[in-house]
Amino acid sequence: MTRNDVPAYPVGLLLAGRRVVVLGGGQVAQRRLPSLVAAGADVVLVSPSATASVEAMAEAGEIRWERRGYQPGDLAEAWYAVVATDDPQVNAAASAEAEQRRVWCVRSDDADAATAWTPATGRSEGVTVAVLTGSDPRRSAAVRDAVVEGLRDGTLAAPHHRARTPFVALVGGGPGDPDLITVRGRRLLTEADVVIADRLGPRDLLDELPPHVEVIDAAKIPYGRAMAQEAINTALIEHAKAGRSVVRLKGGDPFVFGRGMEEVQALAKAGIACTVVPGISSSISVPEVVGIPVTHRGVAHEFTVVSGHVAPDDPSSLVDWAAVARLRGTLVLMMAVERIGEIARTLVAYGRDADTPVAIVQEGTTAAQRRVDATLATVARTVAAEGVRPPAVIVIGDVVSLDSGNRG
């Protein structure tokens, strides 16, 4: 039996403040250095050259870079070494020095000659998953990915065996497609006792919740029933004070026309801490999935997101429509379907070209998604003729005419 027929002994190295030497500044170093820095290691890079990303780490002071080739003695006082130059003879010499000095050494070019292997590693909320399969790194990575994904989305049961502190989290669920919620948001959903959910959040995820989870419908259906904001605030506070873990699941991002700050302030007033988890805003993502970039080189150097829930001439409007009309970039309107005629006329009256392209994307990222195109001059008639209903994102500007080959 050879040495490499014996399974490796798994161990977690505590490298904080300890010298680690990395030889070679190429792609291997670029992949390994961030984890070593995150572990708090005192990293010394020895290499005459480095990739741009590695060089940036040195310039930021995250690592020390000695711009030269390997020399005998470089591994003195090291606890761990990564040997990854493109010269096999240098790698062999450094590996021999590591053996002599009893420094655990990883070799990128010859795993069999190394004294340590780098596992495929992933992390999920305080848990580190490290997988070794000997000479099959792709299998290691595949197993690692499956375990980490299971921990993140809750499909791999890993209950807490110590008392878990209840939490309140304001989670942005993204534009509607359940796959577009953040990893952290999805994990918090799996740990919730109560979920207070908006209509525009990723509704399909509610089906995956365990039976004991209480789901409260906070749907704010346009022109229909709505759970008053005060009632939502009260529900958040009452469930939190009862010691339950509460997730407030909102569509898009909580702070982009989502009244998220009102909920955070209400909780703070009641003495309750709240974690805010950002979400993918539909103002950017919905145009993107139908092939519209909100910015594009030579076309739009800016984009502006405006709420259209009140008409331009409404005294409560906070929008300077004259200034908006003068902008040359992309204009994204949220909650504007009902008032798009008034908004379009106002923009034209303040100088925006009536032939400016407009795209209306209804139910973006969901199975009901559709795109309707018009101009500022025709958008009101088009919306009425096509029967467009909320939720919809309206994009105004030359970017609408760009052809990506993907129109949803």
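At 19% relative accessibility, Arg186 counts as buried. Buried here means under 20% relative accessible area, exposed means over 50%, and partly exposed is in between, with a 1.4 Å probe and protein chains only.

Some ground rules. This is a predicted model, where local features need pLDDT of at least 70 and side-chain atom pairs count only at pLDDT 80 or more, while totals for chains, interfaces and linings use all residues. Residues are numbered from 1 along each chain as its sequence is written, and side-chain values use heavy atoms, with hydrogens and water left out.

Back to Arg186. Which side chain does Arg186 meet in a salt bridge? Glu208, at 3.0 Å, N to O. A salt bridge is a side-chain nitrogen of Lys or Arg within 4 Å of a carboxyl oxygen of Asp or Glu. This pair links distant parts of the chain, 22 residues apart. Arg186 sits in helix H5, residues 183-190. Glu208 sits in the loop between strand E9 (194-197) and strand E10 (214-217). Helices (H or I, at least four residues) and strands (E, at least two) are DSSP runs, numbered from the N terminus. Is Glu208 buried or exposed? Exposed, because its relative accessible area is 52%.

Now the neighbouring topic: other salt bridges. A search of the whole structure finds 15. One of them joins the side chains of Arg187 and Glu191, at 3.1 Å, N to O. Both Arg187 and Glu191 are buried. Another pairs Asp373 with Arg371, at 2.8 Å, N to O. Asp373 is partly exposed, because its relative accessibility is 31%. Arg371 has 15%, so Arg371 counts as buried. There is also a network: Asp198, Arg248, Lys250 and Glu263 are joined by salt bridges that share partners.

Next, helix packing. Helix H6 covers residues 229-241 and helix H7 covers residues 260-269. How far apart are the axes of H6 and H7? They are 10 Å apart, and the helices pack at an angle of about 45°. Axes are lines fitted to C-alpha atoms, for helices over the stretch in contact, and angles run from 0 to 180 degrees between N-to-C directions. H6 and H7 are therefore oblique to each other. For angles, under 35 degrees is roughly parallel, over 145 roughly antiparallel, 65 to 115 roughly perpendicular, and the rest oblique. The H6 and H7 crossing is right-handed.

On to the backbone. Arg102 is not a glycine, yet has a positive phi of about 60°. Arg102 lies in the loop between helix H3 (88-101) and strand E5 (104-107). With a relative accessible area of 78%, Arg102 is exposed. Met335 is also a residue other than glycine, and its phi is positive, near 55°. Look for Met335 in the loop between strand E14 (330-334) and helix H10 (340-349). Met335 is partly exposed, because its relative accessibility is 43%.

One more loop. What kind of peptide bond joins Pro390 and Pro391? A cis bond, with omega about 0°. Pro391 is in the loop between helix H11 (379-386) and strand E17 (392-396).

Last stop, Val11. Val11 lies in the segment before strand E1 (19-23). Val11 is exposed, because its relative accessible area is 59%.

Notes:
Left-handed = near helix turned anticlockwise from the far one by under 90°.
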